[in-house]
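Have the sequence and the 3D view open as you read.

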Amino acid sequence: MSSDTSLQKANARLEASLKRLEAAIDVQSEREGIVSGVEEEIQRMTADRGRLAGDLDAALVKAERLEHTNREVSRRLVSAMETIRSVLERRKDA
């Protein structure tokens with residue numbers, strides 16, 4: 001009977017060890033799922049960052065063009081106003 005008892009104890013220890021191993025595998029699997037989810041989110045964020053950087057570059061180029069155009073329009077308006085003043089002055093003197 002001592003042999004049976006030793007065998008039963010060994011079997012019980014083996015079953016307990018298998019349960020702990022299964023639990024550890026479950027925990028590891030869960031952690032891998034979390035890591036995978038985080039990696040996917042990082043990839044999405046990196047793609048978004050690249051897209052936003054491109055959009056920002058395009059917006060900066062557009063802002064520079066608008067600023068240049070604004071200066072040119074302003075210069076032309078000043079020139080037109082000076083021409084109008086000159087014409088009005090000539091008519092006034094005539």
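This is a predicted model: local features need pLDDT of at least 70, side-chain atom pairs count only at pLDDT 80 or more; totals for chains, interfaces and linings use all residues.

## Ground rules

Residues are numbered from 1 along each chain as its sequence is written, and side-chain values use heavy atoms, with hydrogens and water left out.

## Overall shape

The fold is quick to describe: one helix and zero strands. Helices (H or I, at least four residues) and strands (E, at least two) are DSSP runs here, numbered from the N terminus. Helix H1 takes in residues 2-93.

Along its principal axes, the C-alpha trace spans about 135 × 15 × 5 Å. The radius of gyration is 40 Å, whereas a compact globule of 94 residues would come in near 12 Å. That radius is taken over C-alpha atoms, and the globule rule is 2.2 Å times the number of residues to the power 0.38.

## Surface and charge

How much of the protein is buried? Buried residues make up 0% of the 94. Buried means under 20% relative accessible area, exposed means over 50%, and partly exposed is in between (1.4 Å probe, protein chains only). The accessible surface comes to about 8,800 Å², with 58% of it belonging to carbon and sulfur atoms. These areas come from the Shrake-Rupley method with a 1.4 Å probe, and for residues only the protein chains shown count as cover.

There are 17 positive and 18 negative side chains, and the centres of the two sets lie 9 Å apart. Lys and Arg count as positive and Asp and Glu as negative, with His and the chain ends not counted. Each charge is placed at NZ of Lys, CZ of Arg, CG of Asp or CD of Glu.

## A nonpolar patch

Leu14, Leu18, Leu21 and Ile25 make up a nonpolar surface patch, with about 380 Å² of accessible area together. Patch residues have over 30% relative accessible area and no salt bridge; like charges are joined within 9 Å, and nonpolar side chains (Val, Leu, Ile, Met, Phe, Trp, Tyr) within 5 Å. Leu21 sits in helix H1 and is partly exposed, at 48% relative accessible area.

## Salt bridges

How many salt bridges does the structure hold? The count is six, each being a side-chain nitrogen of Lys or Arg within 4 Å of a carboxyl oxygen of Asp or Glu.

One of them links Glu67 to Arg71, with the closest N and O atoms 2.5 Å apart. Both residues lie in helix H1, four residues apart, or about one turn. Glu67 is partly exposed at 45%. Glu72 and Arg76 also meet in a salt bridge, at 3.0 Å from N to O, and they too are four residues apart in helix H1. Glu72 is partly exposed at 24%, while Arg76 is exposed at 54%. Elsewhere, salt bridges that share partners join Asp48, Arg51 and Asp55 into one network.

Arg51 is partly exposed at 46% relative accessible area, and Asp55 is partly exposed at 43%.
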